[in-house]
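I hope it is handy to have beside you while you look through the coordinates.

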Amino acid sequence: MAAWCPVAAAPLLRGSSGLPLLHCVCRMFASQTEGELKVTQILKEKFPQATAIKVTDISGGCGAMYEIKIESEEFKEKRTVQQHQMVNQALKEEIKGMHGLRIFTSVPKG
């Protein structure tokens with residue numbers, strides 16, 4: 001399975017001073033949190049055709065807010081809102097304990 005690579009975005013992570021946001025860069029190289037692993041596992045089960053799944057805790061590791069990037073054939077011929085509804089339904093129970101969720105969905109090219 002292919003993985004989303006946030007390292008390529010590192011040069012874009014700059015604060016108002018123009019200096020890199022080191023806390024973001026350091027987080028990119030850290031291992032996944034327990035919450036990230038749990039959400040990733042659920043998405044792998046619910047979207048078996050997924051070619052890429054990346055779950056990032058964007059709340060500093062406390063599990064209050066996640067960013068999800070998922071690429072799957074299951075989204076083919078569905079509008080974005082329908083794709084996001086599918087992800088929300090898959091994570092229905094976990095979302096109850098979250099403050100926020102960013103979802104990015106796509107269909108594999110090719």
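**Notes on the model**

1. Let me begin with Arg102, which is partly exposed, at a relative accessible area of 40%. On the scale used here, buried means under 20% relative accessible area, exposed means over 50%, and partly exposed lies in between (1.4 Å probe, protein chains only).

2. A word on provenance: this is a predicted model, in which local features need pLDDT of at least 70 and side-chain atom pairs count only at pLDDT 80 or more, while totals for chains, interfaces and linings use all residues. Residues are numbered from 1 along each chain as its sequence is written, and side-chain values use heavy atoms, with hydrogens and water left out.

3. The overall layout comes next. The protein chain has four helices and three strands, arranged along the sequence as α-α-β-β-α-α-β. Helices (H or I, at least four residues) and strands (E, at least two) are DSSP runs, numbered from the N terminus. Of the 110 residues in the protein chain, 27% are buried. The accessible surface is about 7200 Å², and carbon and sulfur atoms hold 56% of that surface; these areas come from the Shrake-Rupley method with a 1.4 Å probe, and for residues only the protein chains shown count as cover.

4. On contacts, meaning heavy atoms within 4.5 Å: among those in the protein chain with a separation of 6 or more, 52% join residues 24 or more positions apart.

5. Now the core. The largest nonpolar core has 16 residues, and Leu43, Phe47, Ile68, Ile70 and Val87 have the most contacts inside it. Helix H2 (34-46), strand E1 (50-57), strand E2 (65-72) and helix H3 (80-90) each supply at least two of its residues. Such a core is a set of buried Ala, Val, Leu, Ile, Met, Phe, Trp, Tyr and Cys residues joined through side-chain atoms within 4.5 Å.

6. Which residues of H3 are buried? They are Gln83, Val87 and Ala90. These three cover an arc of only 65° around the axis, so they are on the same side of H3; the arc is that of the directions from the helix axis to the C-beta atoms. An α-helix has 3.6 residues a turn, so residues three or four places apart point the same way. The buried residues of H3 pack against H2, E2, helix H4 (92-95) and E3.

7. In strand E1, have a look at Val55, which is buried at 1% relative accessibility. Val55 and Val39 are 16 residues apart in sequence, with their C-alpha atoms 7.0 Å apart in space. Leaving aside neighbours within four places in sequence, the contacts of Val55 include Glu36, Val39, Leu43, Tyr66 and Ile68.

8. Ser72 belongs to strand E2 and is buried, with a relative accessible area of 0%. Its side chain makes a polar contact with the side chain of Glu74 at 2.4 Å. The criterion is a pair of N or O atoms within 3.5 Å; within protein, one must be able to donate a hydrogen and the other to accept it, and residues adjacent in sequence count only if both atoms are side-chain atoms.

9. The structure holds three salt bridges, each a side-chain nitrogen of Lys or Arg within 4 Å of a carboxyl oxygen of Asp or Glu. Glu67 pairs with Arg102, the closest N and O atoms being 3.2 Å apart. That pair links distant parts of the chain, with Glu67 in strand E2 and Arg102 in strand E3 (residues 100-106), 35 residues apart. Glu67 also meets Lys69 in a salt bridge (3.6 Å, N to O), and Glu67, Lys69 and Arg102 are linked in a network of salt bridges. Glu67 is buried at 14% relative accessibility, and Lys69 is buried at 19%. Elsewhere, Lys96 and Glu93 form a salt bridge (3.1 Å, N to O); Lys96 is exposed at 62%.

10. Finally, a backbone point. Glu77 has a positive phi of about 65° although it is not a glycine. Glu77 is in the loop between E2 and H3 and is exposed, with a relative accessible area of 78%. Most residues other than glycine have a negative phi.
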